[in-house]
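Here are my notes on the model, point by point. Please read them with the structure open.

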Amino acid sequence: MKSKTRMPKELEKKCHIAIHSATTAAAAAGAIPIPMSDAVPITAAQIGMIVALGKIFDITLSQAAAKSIASVTITQQAGRAVASGIIKSIPGIGTIVGGIIGATTAAGLTETLGWIVADDFYRMSQGKDPENIIENAGELKSAFDGLRMPK
């Protein structure tokens, strides 16, 4: 996935680095062969990514605000974790297949979340309202209320 807004290439490159670092970490966590052991490191990678994206756009946000934004994918991860955990618990082939499914899903969700957040943070840095996260999860609007923009 790539940014849907037309942000300057330098900003897009910085976002790319932050997002793909988190995506790699999330994929590695998703591949852990132990059932249900990946949720905490995946969420931590996503929260770190959101905070890093905020810094790129000079947006200060708390860990709690980043966690609220990351909650967009937490619900999706819960369903994936149950399915992947069941598959991972099958001796032998289940560990391999479950690891592949877990890694692929974690990477896809993290990448998508990263570009959604990057696009909205860019909009906010331009004095516009966020759109993507609000469209996808209206209850997260309050997470953006606590953000401080530079003056």
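Which residues of the largest nonpolar core touch the most other members? The answer comes in point 2, after a word on the model itself.

1. Basis and fold. This is a predicted model, in which local features need pLDDT of at least 70, side-chain atom pairs count only at pLDDT 80 or more, and totals for chains, interfaces and linings use all residues. Residues are numbered from 1 along each chain as its sequence is written, and side-chain values use heavy atoms, with hydrogens and water left out. The protein has six helices and zero strands. Its elements run α-α-α-α-α-α from the N terminus. Helices (H or I, at least four residues) and strands (E, at least two) are DSSP runs, numbered from the N terminus. Of the 151 residues, 46% are buried. Buried means under 20% relative accessible area, exposed over 50%, and partly exposed in between (1.4 Å probe, protein chains only). Contact means heavy atoms within 4.5 Å. Among contacts between residues at least 6 apart in sequence, 69% join residues at least 24 apart.

2. The core. Cys15, Ile50, Leu53, Phe57, Leu61 and Phe121 touch the most other members of the largest nonpolar core, which has 26 residues. Helices α1, α2, α3 and α4 each give two or more residues to this core. Its largest share, seven residues, comes from α4. A nonpolar core here is a set of buried Ala, Val, Leu, Ile, Met, Phe, Trp, Tyr and Cys residues joined through side-chain atoms within 4.5 Å. In soluble globular proteins, nonpolar side chains tend to be buried together.

3. Cys15 and Ala18. Leaving aside neighbours within four places in sequence, Cys15 is in contact with Met7, Leu53, Ile56, Phe57, Trp115 and Ala118. Ala18 is found in helix α1. Ala18 counts as buried because its relative accessibility is 14%. With the sequence neighbours within four places again set aside, Ala18 is in contact with Met49, Ala52, Leu53 and Ile56. Ala18 and Ala118 are 100 residues apart along the chain, yet their C-alpha atoms are separated by 9.9 Å.

4. Helix α2. Buried residues in α2 include Ile42, Ala45, Met49, Leu53 and Ile56. Gly54 and Thr43 are also among the buried residues of α2.

5. One aromatic pair. The structure holds one such pair. Phe57 and Tyr122 form it, edge-to-face, at 6.2 Å centre to centre and with 65° between the planes. The pair links distant parts of the chain, with Phe57 in the loop between α2 and α3 (63-88) and Tyr122 in helix α4 (residues 93-125), 65 residues apart. Both Phe57 and Tyr122 are buried. Rings of Phe, Tyr and Trp (its six-membered ring) pair if their centres lie within 6.5 Å; planes under 30 degrees apart count as stacked, over 60 as edge-to-face and the rest as tilted.

6. Two salt bridges. The structure holds two of them. A salt bridge is a side-chain nitrogen of Lys or Arg within 4 Å of a carboxyl oxygen of Asp or Glu. In one, the side chains of Lys14 and Glu10 meet at 3.6 Å, N to O. Both residues lie in helix α1 (residues 9-30), four residues apart, about one turn of the helix. Lys14 is partly exposed, because its relative accessible area is 40%. Glu10 counts as exposed, because its relative accessibility is 57%. An α-helix has 3.6 residues a turn, so residues three or four places apart point the same way.

7. The buried bridge. Arg123 forms a salt bridge with Asp120, and the closest N and O atoms are 3.1 Å apart. Arg123 and Asp120 both lie in helix α4, three residues apart, about one turn of the helix. Both Arg123 and Asp120 are buried. Asp120 counts as buried because its relative accessibility is 0%.
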